[in-house]
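Good morning, and thank you for joining. Please keep the view open while I speak.

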Amino acid sequence: MAKRKGRGFACINYPIGMNLGGDPSQALVHSTPDGKFMVSLSSIDLGQGMKSVTRQIAAEALGVPVADVYVDTADSDTGPHCMGSFASRGTHRVGNAVIRAATEARAQLLEAAAEELEVDAADLDTDGQGNIHVKGAPSRSITVADTAVAAQFRQGRTVSGRGIFLIPPSEANPETGEMTPVSCFAHGAIVVDLEVDEETGEVEVLELNSAYEVGRALNPKLVEQQLVGGAWMGISHALYETTEPYYPSREHGPVDFNSYLMPGPGDLAPHHIAVIERPAEDAPFGGKGPGEMCANPVIPAVANAIYNAVGVRCDELPITPERILRGIRANGGAQPGGVRR
Amino acid sequence: MPKTPVSFNLNGVETSLFVDGGQNLLDALRRGVGDLTPKFGCNQGTCGACTVLINGRPLLSCLVLASSAEGDSIVTAAGLADGPNLHPLQRAFMDGFAAQCGYCTPGMLLAAKALLDRNPNPAREDVAEAISGNLCRCTGYAPIIEAILAAAEVMRRSSRT
């Protein structure tokens, strides 16, 4: 009886968003009278950081400091429609809508500044620090705040924009069945090292090594945060979590956190992550967002590592000690390195 | 059922209110006092989101009868900052991206404060042990552990000067 080490590998091509019936999101941007900008969304930040990332995207597209942008989310009474925070679509769909809304607001901002400076709006640029200046002549400038005041109190002009981003539904070709269900994929690969106790069936994850291609990491710390937390959730799905341990029998189902198993802070394995940036053409500033693929590839990698460790191929989740022990018994003992036939 | 008057010190402020016989402290803090930093998670003592410090000990406010808090000194996450100056734990959680959805964060902060108050130089395992009663769904715990260790170092340095 011994502990057996195993290594497993898995890759993922993860589609960003969905388009069954079309997949739209909208954004509205308006300037307050003091030259700050409000981004109104009904999109929901569930903790992935959409509020932070849409704020960065709006600031970049408007050409103003991030500190001057506010994001209001999650109220479908006050924000324009969004399909929702699912399918890893938030950064991609909402970000693109925000760019369009901010671009329209920026055009109005520059027109108002052009009127104040008595120049053509096409000759103006922003410095990202709260100023608008004539290209090549930085001294001929006006602040965004003064422009907002001038637009809204003297010129009678709004400084606002509307944006929608829609991936239209893709019909299947009746001849070939071909369709284009998604426009954009993110990618990942993960190696899991673990140890299986062939006497108890217990699994200890020892180390994770992963690489994720996320387009551009618009906020590198938020990307890392999602990848670390998502991999933990993947391990939890692979080894612990279920609402129906003996499905289709409903017996012994957990009813609360006492009986719903999850790994705790004492069960963590070191996770080394490489983030690969390959900006995507149709993504906001190239960023696709990690999303659900943080968790998904961990599960087959864990299953492969268990097979590598003791030769038990589990195709049901979670891979509990009981399932591993039954598999070892069926194989007539642990078979490190996989089953040889 | 008659209500019972109860008085305690909440984040340095003497606080009195009427509570129902079976009312737990979590409910009294949230609905009675209006301090929404202790979070309602499971209401049965298994998630840690409602953790508060009672006389310096981290306790689950959902399992404490409000009427039993008479004369106690209670600290919630609302009492951690000194005016605009964040507590080193709050600062470390922000700097280390140790919160995602944020629902577990107040409980985590107080579990961590209780640890650092009794052990200013904890090992990584001590930190994991101290927050093992607090569930987090988003972070995978690693950034939280790092943030607590970072705050401990900051607090040790500032206590030496």
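Leaving aside neighbours within four places in sequence, S25(A) is in contact with S43(A), C82(A), M83(A), R93(A), V94(A), A97(A) and F165(A). Contact here means that the C-beta atoms of two residues, placed from the backbone, lie within 7 Å. This is a predicted model, in which local features need pLDDT of at least 70 and side-chain atom pairs count only at pLDDT 80 or more, while totals for chains, interfaces and linings use all residues. Residues are numbered from 1 along each chain as its sequence is written, with chains lettered from A and ligands numbered from 1 in the order in which they are written.

Is S25(A) buried or exposed? S25(A) counts as buried, because 28 C-beta neighbours lie inside 10 Å. The cut-offs are 20 or more other C-beta atoms within 10 Å for buried and 12 or fewer for exposed, with partly exposed in between, and the C-beta atoms are again placed from the backbone. Between the C-alpha atoms of S25(A) and E60(A), 35 residues apart along the chain, the separation is 19 Å.

S25(A) belongs to strand β2 of chain A. Strands are DSSP runs of E with at least two residues, helices are runs of H or I with at least four, and both are numbered from the N terminus. In chain A, an open sheet of 4 strands has the order β4-β3-β2-β8, and its pairing is mixed. Two strands pair if DSSP finds at least two bridges between them. β4 (69-72) and β8 (160-167) of chain A stand at the edges with a single partner strand each, so one side of each has no neighbour in the sheet. On average, neighbouring strands of this sheet are turned by 20 degrees against each other, direction ignored.

Strand β3 (residues 37-40) of chain A runs parallel to β4(A), and 4 bridges join them. Within that pairing, F37(A) has V69(A) as its bridge partner in β4(A). Two helices pack on the sheet. Helix α1 (residues 50-62) of chain A touches β2 (23-31), β3 and β4 of chain A, and its direction makes about 135 degrees with that of β4(A). Helix α2 (residues 90-117) of chain A touches β2, β3 and β8 of chain A, at about 150 degrees to the direction of β8(A). Such angles run from 0 to 180 degrees between N-to-C directions, the axes being lines fitted to C-alpha atoms, for helices over the stretch in contact.

Next, the core. The largest nonpolar core has 134 residues, of which A58(A), V98(A), V298(A), V302(A), I306(A) and A112(B) touch the most other members. Such a core is a set of buried Ala, Val, Leu, Ile, Met, Phe, Trp, Tyr and Cys residues joined through C-beta atoms within 7 Å. The largest share of this core, 12 residues, comes from α2(A). Beyond its neighbours within four places in sequence, V298(A) is in contact with I190(A), V192(A), A231(A), G234(A), I235(A) and A238(A).

I turn to the domains, whose bounds come from an automatic or database domain assignment. Chain A is assigned domain 1 (3-15 + 184-330) and domain 2 (23-167). Their centres, taken over C-alpha atoms, are separated by 38 Å. The contact takes 15 residues from domain 1 of chain A and 14 residues from domain 2 of chain A.

Chain B is divided into domain 1 (4-79) and domain 2 (88-160), with 21 Å between the domain centres over C-alpha atoms. Here, domain 1 of chain B gives 15 residues to the contact and domain 2 of chain B gives 13 residues.

The last topic is the contact between the chains. How many residues of chain B are in contact with chain A? There are 19 residues of chain B in contact with 15 residues of chain A. On the side of chain B that touches chain A, α4 (124-130) and α5 (142-160) of chain B are the elements that give two or more residues. α5(B) gives the most, with 3 residues. By class, this side of chain B has 12 nonpolar, 6 polar and 1 charged residues. Ala, Val, Leu, Ile, Met, Phe, Trp, Tyr, Cys and Pro count as nonpolar, Asp, Glu, Lys and Arg as charged, and the others, Gly among them, as polar.
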